[in-house]
Amino acid sequence: MGIFKRLIDFVTLGSARPMRRLLAYYAVLAIVVYLIYRFIPAADRLMSAEGERGTMAKASQAGAKLFQDGLNTAPTTLFAPGRQNRAEHAMATLLVFFSTLALMLPVSWVYMSARRDRTHNQSVAQTLIVLPMIVAGVILIVRDSLALAFSLAGVVAAVRFRTSLSDARDVVFIFLAIAVGFAAGTQVLSVAAIVSLLFNFVLVLIWQYDFGRNVLEPTAAAQWESPLKELTGKTIEGPNVPDRDLMLALTPKKVDILTARFKRVQALVGRNGAKPRYNAVLSVSTNSISESKGHIESVLDRVAKRWKLDEVVTNTEKASELFYLVRLKKAVAKGDALTAIREHAGTLFEAVDLEVGEAVEQEQLAEKSLRKQREKALIQ
Amino acid sequence: MMRGSAWGIVTFVGVVSVLVACDQTASAHDDKKSESPDAATLAERARQFEKQLAAPDSESKLGGAVARWIMPDKLKEISGLTLTADGRLLGHGDQHAHVFELDYRRGVLVKEFTLVSGGEPVKGDFEGITTANGSIFLFTSDGKLYEFKEGADGAKLAYTMTDTHLGEHCEFEGVAFDKTINSLLFACKKVKDKKDKEFLVMYRWKLGDESASRVSKLTVPMEDVIGKNEWDGFHSSDITINPFNGDYVLVASRESALLEITPGGKVVFSQPLPGVHAQAEGIVITKDSLLIIGDEAAAKNAKPDLHPHRVPDDSVHRPAYVTVYRWP
């Protein structure tokens, strides 16, 4: 495993990005498979269903000019049922198992890493590795025997499986494990490979971009976007809420408080025309504040251009919360930063979230659009 | 997002390409093995054939077989067999008018050609093939006769089709040429006329005769055909001529049986086929005393007792094959 990890590090140039590491893993795997096919032709026969059915199916392939000798060489299942090549059988089974393992390892990594909640279920992670092997083994035995299939159904019916999974996502992972096991058991490894690859790819993307977030519960940035826009003006040129209305709504005390507050915000956001000093908020729930701080800050030193501990909320009966103001480095994506923090701290955190503000980008877009409209009006 | 997606797409395409490359590599290995029979292999096979032919019966396998060649997938519906005037073996497919030449001594597909109509292979329920007077005839179960000349490898051939209108009397499954009477013989698998139910029926079709008398019928009492065998009938699946005495030799797939009758309709013998045959659909006897039987790939109706631990599901498990025996 160490060699494989080093190889992936080499391919990804040491990148910690989960997507790159996953893709590197599949690329290395694909190359290994190609080399096996290229230099060990027998592997093709063993990896397909032909190994079990003897050489008859080989001869059945279209395009053969030289017929198979059914008298002197064929271990024909027609005349000698049960006389299959045991060594080939064993090799094919081993290959199926190794392939299943190779395809399920990245799935288990994704299962363990790509999640927002506190910790993963270790038994599910282990099941993801073992279950498809068992399914593949069962399918290899049952194959196309109706009698064995019925027997299997009977045996399975006699055993009660009553493990309930708390997370719906865990069920999806289990389904995937069964699918890969089925594909491997029927020796359609190409399908197993594509299923594994696409599943991981989609899952990492979903996790990275926080797909499915409740749009009715907007982020802090989005929550304040609308009223602030009303105050500052949609077109940036002038406020939509006139000063006289604010004068009626505010007292001198409240104005003082707001002035002081906006000065603090200005210090965080930066001057007009410059890039914002901070553009993201990292929130971490943890039971060990000092230890967590060490982990977080050492990672932030790597992934952030600048950062600042904004607030520590200490709770007695639940996890305490740490809030950091962060300006991420340009080359670091949100998902990568989160992964780095999680990896560094292990199971120390209850929850980690990174909320990235996009106000500057939106303002720039609005200005650009306004400029275009003006230019268009001038031309007309 | 875009960058991640691009990476993903590139890798996905890469992995699929590798899978395709693996497939092509494997195919290339197969092609190397199957498409280019080298001289040494062919010589070895010919030697093995002669050795098997010379071996005493006690040493032969599969009920005395001299050779058995397993057909590739494209020939899985091998139906009828016939010999050309110079002794080459021809076979044909069941669903398409696809004819191929087989080297039965070395197990090689020599060539193949197809009858086409409007650029497309002719479809039909082809059940028999024979050669007569320099032409090849394909015969369908409903009595249509396709006449054409032998083609080169890969040729697409034109043909002449004649409807014998005998399909209303019989479901046919076999054709042979009796040169002594210059007639084609059509073996009837299932009679439609009630009065013929107790007979084995064959029709003669005189070539070069346009008169109404060109068709004649030969009937043999079924009880004579069955003899001491425990069959419930005899459903012919092909017919050939015994080159040594001119008798008619018929094979029945359902009964896995062999029958020889004289041109006059007297039964010479009726017996089970040698060896085991899942679906014997073609028969010929060569001038050098070889009986060749062609078996179509056995499908769902194959006998499960031949493969007791599995339920047969498709033809891949039981490929078509051509078996060579000594004759008599």
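Predicted model: local features only at pLDDT ≥ 70, side-chain atom pairs only at ≥ 80, totals over all residues.
1. Helices α5(A) and α8(A) are roughly antiparallel to each other, because their axes cross at roughly 165 degrees and angles over 145 count as roughly antiparallel. α5(A) covers residues 86–113 and α8(A) residues 168–185, and the two axes come within 10 Å. The crossing of α5(A) and α8(A) is right-handed.

2. Over in chain B, four strands form an open, antiparallel sheet in the order β12-β13-β14-β15. β12 (170–178) and β15 (215–221) are at the edges with a single partner strand each, so one side of each has no neighbour in the sheet. On average, neighbouring strands here are turned by 25 degrees against each other, direction ignored.

3. A closer look at one strand pair: β12(B) and β13(B), the latter spanning residues 183–191, are joined antiparallel over seven bridges. B:C170 has B:V191 in β13(B) as its bridge partner.

4. Now the nonpolar cores. The largest has 79 residues, and those touching the most other members are B:M71, B:F137, B:V175, B:L185, B:F186 and B:I292. Strand β14(B), residues 199–206, supplies the largest share of this core, with six residues. B:L185 is worth a click: among its contacts beyond four places in sequence are B:V175, B:M202, B:I239 and B:Y248.

5. There is also a second, separate core of 40 residues, including A:V135, A:L176, A:A177 and A:A184.

Terms used
Residues numbered from 1 in each chain as written. Chains lettered and ligands numbered in written order. Pairing = 2+ DSSP bridges. Helix = DSSP H or I, 4+ residues; strand = E, 2+ residues; numbered from the N terminus. Axes fitted to C-alpha atoms, helices over the stretch in contact; angles between N-to-C directions. Core = buried A, V, L, I, M, F, W, Y, C linked by C-beta atoms within 7 Å. Buried ≥ 20, exposed ≤ 12 C-beta atoms within 10 Å, placed from the backbone. Contact = placed C-beta atoms within 7 Å. Parallel < 35°, antiparallel > 145°, perpendicular 65-115°, else oblique. Left-handed = near helix turned anticlockwise from the far one by under 90°.
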